[in-house]
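Please keep the sequence and the structure at hand while reading.

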Amino acid sequence: MVTLGFIRNYTMKPSCRFLMTRKSLGIFGFAKCHHSLTSNLARNHVHKKQFSAYPLRIFGFGSAINDTQKIFCIPKTNFGQPRFISVFPYGDCTRRRASRGFSVVSSFASEVKGYSTSVETRVNDKNFERIYVQNGIGVKPLVVEKIDKDENVVGEEASRIGIAVPDEGENVNAENVEGVKGVEIAGPKRVESDIEKEAWKLLNDAIVSYCGSPVGTVAANDPGDKQPLNYDQVFIRDFVPSALAFLLRGEGEIVRNFLLHTLQLQSWEKTVDCYSPGQGLMPASFKVRTVPLDGNKFEEVLDPDFGESAIGRVAPVDSGLWWIILLRAYGKITGDCTLQERVDVQMGIKLILNLCLTDGFDMFPSLLVTDGSCMIDRRMGIHGHPLEIQALFYSALRCSREMLTVNDGSKNLVRAVNNRLSALSFHIREYYWVDIKKINEIYRYKTEEYSLDATNKFNIYPEQIPSWLMDWIPEEGGYLIGNLQPAHMDFRFFTLGNLWSVISSLGTPKQNKAILNLIEAKWDDIVGRMPLKICYPAIEDEDWRIITGSDPKNTPWSYHNGGSWPTLLWQFTLACIKMGRLELAQKAVALAEKRLAVDRWPEYYDTRTGKFIGKQSRLYQTWTIAGFLTSKVLLENPRMASMLLWEEDYELLEICVCGLSKTGRKKCSRGAAKSQILV
């Protein structure tokens with residue numbers, strides 16, 4: 001039985017009453033958990049919590065009120081996460097309490113045994129025994145006892161690595177980015193254009209509030225749309241450019257609220273055939289709903305979607321990765337590192353990493369995912385190891401190295417992160433890269449090679465090289481292919497994955513330069529009249545029917561099948577600033593600025609050159625607006641981009657997993673390729 005008590009000082013005034021309910025799987029019915037706080041200044045007593053649950057289900061929540069949040073819920077296990085998180089105020093829900101005289105002593109006692117075969121990160125009595133939070137959850141210092149004291153978070157992966165980890169208290173890969181703290185958000189004020197003023201107004205109009213506080217922006221806010229579907233929800237992926245626009249403008253509250261509320265929704269179970277994914281899954285989106293109560297009363301609830309309502313019913317792989325990236329950006333831009341140091345936020349990072357680093361049957365360091373699990377959220381033949389996910393995964397791992405608090409409980413996790421970063425960077429740089437030289441090498445591949453000395457390690461048949469690629473690839477330039485699996489290379493150019501490879505330094509400096517050279521050389525194909533193509537080329541004819549299942553939305557040169565997405569502007573701007581190609585970003589933003597407001601800020605554009613508004617494109621798409629604004633702010637003050645970028649980490653290049661192995665392997669493929677990678 002899980003118990004929790006509140007020790008309340010009689011000088012504290014509780015700010016609200018709150019109700020939490022959980023909707024379990026349909027065949028199990030419902031299980032509810034009711035919490036209440038009532039004001040009684042004349043008495044100083046402990047409020048108890050009562051739980052009712054179905055058999056075989058255990059529910060437990062730790063709750064506290066602090067300066068910035070009305071209610072915070074810490075899940076104790078991966079069973080029974082709150083389906084709805086709600087706050088019903090007796091008075092003003094945004095009322096702030098006094099910062100003194102409030103403490104929480106939580107005692108966790110769970111008899112639930114872990115069911116995972118490889119990841120042991122249960123928040124139970126063994127690794128999360130007692131947490132003392134002084135003066136509210138969000139206030140430093142946090143005094144933590146026995147947290148993660150034996151955290152074998154990644155199966156055998158950590159145990160087979162001999163990488164040195166800093167002692168407790170030492171920063172992990174603390175990047176000395178000039179001007180990170182104390183930097184002014186903007187330089188001398190210039191007069192905003194009418195288009196920018198309109199964009200800021202539309203972005204502010206898209207803000208969603210929960211219990212009186214901003215928590216995100218809706219995906220699209222078209223007043224003429226009679227069927228918004230899920231575009232009226234707050235998507236983690238879609239909110240990132242909005243968050244950056246707000247942060248660069250000096251508005252951090254909405255981003256902080258978003259990070260904390262989505263953290264509360266973390267780790268859930270899908271309702272498709274009663275299957276539960278691993279602990280740490282972040283939702284694709286959430287919606288603020290108003291639910292009626294008895295007595296003509298109403299409450300606000302957060303209703304998350306983990307893929308159970310999405311088209312195709314696919315859980316998002318990238319949501320947790322975007323969340324970590326945004327958390328790091330928040331700390332860099334605001335200079336406020338207290339958020340990422342919170343014990344609940346640290347646990348959230350670990351849960352996401354554990355989910356991604358779990359050992360499985362895969363032999364590759366890249367992350368195995370299914371179709372529709374990222375920005376390309378429909379069937380497009382990207383299942384396997386798509387570049388977009390690998391680049392975001394690499395970025396999230398680098399962010400985590402900076403933010404994780406190193407102690408005895410997290411050292412194994414840090415080792416695993418270092419190992420995966422090293423292996424992943426080598427794998428992508430060596431096997432995903434193509435240019436004229438590499439294509440000619442593949443053209444002459446021998447197949448059916450067996451042994452460690454094989455050149456064609458993935459048994460790629462030269463006939464896979466598409467005819468369009470031979471004449472399309474420029475002499476000076478190259479890119480990272482979209483996917484790599486045994487006997488399969490997806491030679492399509494995927495813009496998001498290549499841009500993030502530049503931003504995060506997943507590619508070598510020479511490769512990063514070549515990627516921008518290719519975009520410049522193939523400007524009409526990748527940028528055209530509206531930047532930027534999500535992928536090139538589109539799949540057509542019989543390939544379209546087989547790969548997409550004859551998807552009527554992903555027809556050639558539309559939507560995810562070669563459509564143009566203006567939201568990619570801000571990532572293109574970051575990549576150009578990093579590589580000193582500011583003129584390319586300025587040219588692309590100028591193209592977009594001529595049309596976006598006139599076309600009412602569409603979601604995407606169709607045709608080979610992006611000439612037409614997408615046939616099913618939503619108007620007043622928020623991440624189109626936010627991507628444009630973020631690009632404008634970055635172009636006005638390029639040094640701000642340094643807080644959103646990563647430079648080459650040469651320490652990672654010195655780590656060779658094979659060299660640390662005791663298996664007696666005589667030859668390591670990395671050693672042979674190292675001279676080519678370190679350029």
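## Contact of H4 with H7

In this predicted model, the contact between two helices is made on one side by Asp-318, Leu-321, Trp-322, Ile-324, Ile-325, Leu-327, Arg-328 and Lys-332 of H4, and on the other by Glu-388, Ile-389, Leu-392, Phe-393, Ser-395, Ala-396, Cys-399, Ser-400, Glu-402 and Met-403 of H7. Sorted by class, the residues of this contact of H4 with H7 comprise eleven nonpolar, two polar and five charged.

Two packed helices are described by the angle between their axes and the distance between the axes. For H4 (residues 318-334) and H7 (residues 387-403), the axes come within 9 Å and cross at roughly 45°, and the two helices are therefore oblique to each other. The crossing of H4 and H7 is left-handed.

H7 consists of 17 residues and reaches 24 Å from its first C-alpha to its last, which is close to the 24 Å expected at 1.5 Å a residue. Because 17 of the 17 residues of H7 are buried, this helix is largely enclosed by the rest of the structure.

H7 also packs against H8 (residues 411-431), at an angle of about 145° and with the axes 10 Å apart, and the crossing of H7 with H8 is left-handed. The residues that make this contact are Leu-387, Gln-390, Phe-393, Tyr-394, Leu-397, Arg-398 and Arg-401 of H7, together with Val-417, Asn-418, Arg-420, Leu-421, Leu-424, Ser-425 and Ile-428 of H8. By class, the contact of H7 with H8 has eight nonpolar, three polar and three charged residues.

## The chain as a whole and helix H11

The chain contains 20 helices and 21 strands, and 59% of its 679 residues count as buried. Among contacts in the chain with a separation of 6 or more, 72% are accounted for by residues 24 or more positions apart.

Helix H11 (residues 495-503) is mostly covered, since nine of its nine residues are buried; among them are Leu-496, Trp-500 and Ile-503. H11 is followed by Ser-505, whose phi is positive, near 65°.

Asp-344 is located in helix H6 (residues 343-357), and Asp-344 counts as buried at 8% relative accessibility. Between Asp-344 and Gln-264, which are 80 residues apart in sequence, the C-alpha to C-alpha distance is 9.2 Å.

## Backbone geometry to check

Two peptide bonds deserve a look. The bond from Pro-531 to Leu-532 is cis, with omega near -5°, and Leu-532 is found in the loop between helix H13 (523-526) and strand S19 (535-536). The bond from Tyr-536 to Pro-537 is also cis, with omega near -5°, and Pro-537 is found in the loop between S19 and helix H14 (541-548).

Positive phi values occur at two further non-glycine positions. Cys-211 has a phi near 55° and sits in the loop between strand S11 (207-210) and strand S12 (213-217), where Cys-211 counts as buried at 9% relative accessibility. Asp-541, in helix H14, has a positive phi of about 55° although it is not a glycine, and Asp-541 is exposed, with a relative accessible area of 58%.

Technical notes: Residues are numbered from 1 along each chain as its sequence is written. This is a predicted model: local features need pLDDT of at least 70, side-chain atom pairs count only at pLDDT 80 or more; totals for chains, interfaces and linings use all residues. Side-chain values use heavy atoms; hydrogens and water are left out. Axes are lines fitted to C-alpha atoms, for helices over the stretch in contact, and angles run from 0 to 180 degrees between N-to-C directions. Helices (H or I, at least four residues) and strands (E, at least two) are DSSP runs, numbered from the N terminus. Angles under 35 degrees count as roughly parallel, over 145 as roughly antiparallel, 65 to 115 as roughly perpendicular and the rest as oblique. A crossing is left-handed if the near helix is turned anticlockwise from the far one by less than a right angle, and right-handed if clockwise. Contact means heavy atoms within 4.5 Å. Ala, Val, Leu, Ile, Met, Phe, Trp, Tyr, Cys and Pro count as nonpolar, Asp, Glu, Lys and Arg as charged, and the others, Gly among them, as polar. The expected span of a helix is 1.5 Å times one less than its number of residues. Buried means under 20% relative accessible area, exposed over 50%, partly exposed in between (1.4 Å probe, protein chains only).
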